[in-house]
Amino acid sequence: MQRLGSGGPSSASRIRLAGLLLLAAHLCLVGWLTLRPLAVPWVAPANLHPLATIRSDLADGPRAALEGMGGDLLMLAPFGVLLPLATGRLHRPLPGTVARTVFAGAMLSVLLRLAQTGVPGRVVDVDSVLLNTMGVALAVALVFPPVRRWLRHRDGGYGSRLGGSRRERDAASGRGAAVERKAEARTSGVRLREESAGGTTPRTTRVGTAP
């Protein structure tokens, strides 16, 4: 008889595998967008002062701020959802998952900015690290909880169906065992009645021999 779950990977394994594949594709896209060389005639100096670029974009108006900050906010935002899925944190406490994901996103952004120092046409901007981290934080805090809730509900329904099948099989096996016990009791009762109806076997009386 085939064991339960032996026909394929479990639901949690499928979710984790899908998260790993999507995370790998996302990181490849991010690497191509941030580390490919740019042929530009002029490059602005590096910005190592936090919030300097953000204040400049906000001073230029909402449209300039959206164009200047939107790309950095969205760059690593999928990372905030895909990393918890890839690491199998559907059933872990949410605050710890948020903290670990935000920290990992910040470290990834720092590594990308350090790698950009050797890429022609790229400029290191500390505000990009802040915006990337903010995008990861917003994604893991606002998008991941409903996705997590939906996947847990789906996994719970699948588990309840499996549990119902297991309980049905256990009940069926219990009924089969009860029937076997009743049959054995009936057979033993018939055997006892036959033995009592036949009586005991007569014993031969030993005759003494005269001297």
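Close-up 1. M107 is a residue of helix α5, which covers residues 94-116. The model shown here and in the other views is predicted. At 39% relative accessibility, M107 counts as partly exposed, because that class lies between the 20% limit for buried and the 50% limit for exposed. Together with F103, V110, L111 and L114, M107 forms a nonpolar patch on the surface. The accessible area of these residues together is about 500 Å².

**Close-up 2. The largest nonpolar core.** This core has 11 residues in all: L23, V30, M75, L76, F79, L82, L83, A86, L108, L112 and V136. The most come from α4, which gives four residues. In soluble globular proteins, nonpolar side chains tend to be buried together.

**Close-up 3. Helix α1 and its buried residues.** From first C-alpha to last, the 25 residues of α1 reach 36 Å, close to the 36 Å expected at 1.5 Å a residue. Buried positions in α1 are S11, I15, G19, L23, H26, V30 and T34. An α-helix has 3.6 residues a turn, so residues three or four places apart point the same way. L23 and V30 also belong to the largest nonpolar core.

**Close-up 4. The bend in helix α3.** A bend of about 35° occurs in α3 at M69. Helix α3 has 14 residues (62-75) and should span 20 Å at 1.5 Å a residue; its end C-alpha atoms are 19 Å apart, which agrees. M69 is buried, as are A65, G70, D72 and M75 of this helix. M75 is also part of the largest nonpolar core.

Methods: Residues numbered from 1 in each chain as written. Predicted model: local features only at pLDDT ≥ 70, side-chain atom pairs only at ≥ 80, totals over all residues. Heavy atoms only, no water. Helix = DSSP H or I, 4+ residues; strand = E, 2+ residues; numbered from the N terminus. Expected span 1.5 Å × (residues − 1). Bend = angle between axes of the 7 residues up to and from the residue. Buried < 20%, exposed > 50% of the residue type's maximum accessible area, 1.4 Å probe, protein only. Patch = residues over 30% accessible without salt bridge, like charges linked within 9 Å, V, L, I, M, F, W, Y side chains within 5 Å. Areas by Shrake-Rupley, 256 points an atom, 1.4 Å probe, with all protein chains shown as cover. Salt bridge = Lys/Arg side-chain N within 4 Å of Asp/Glu carboxyl O. Core = buried A, V, L, I, M, F, W, Y, C linked by side-chain atoms within 4.5 Å.
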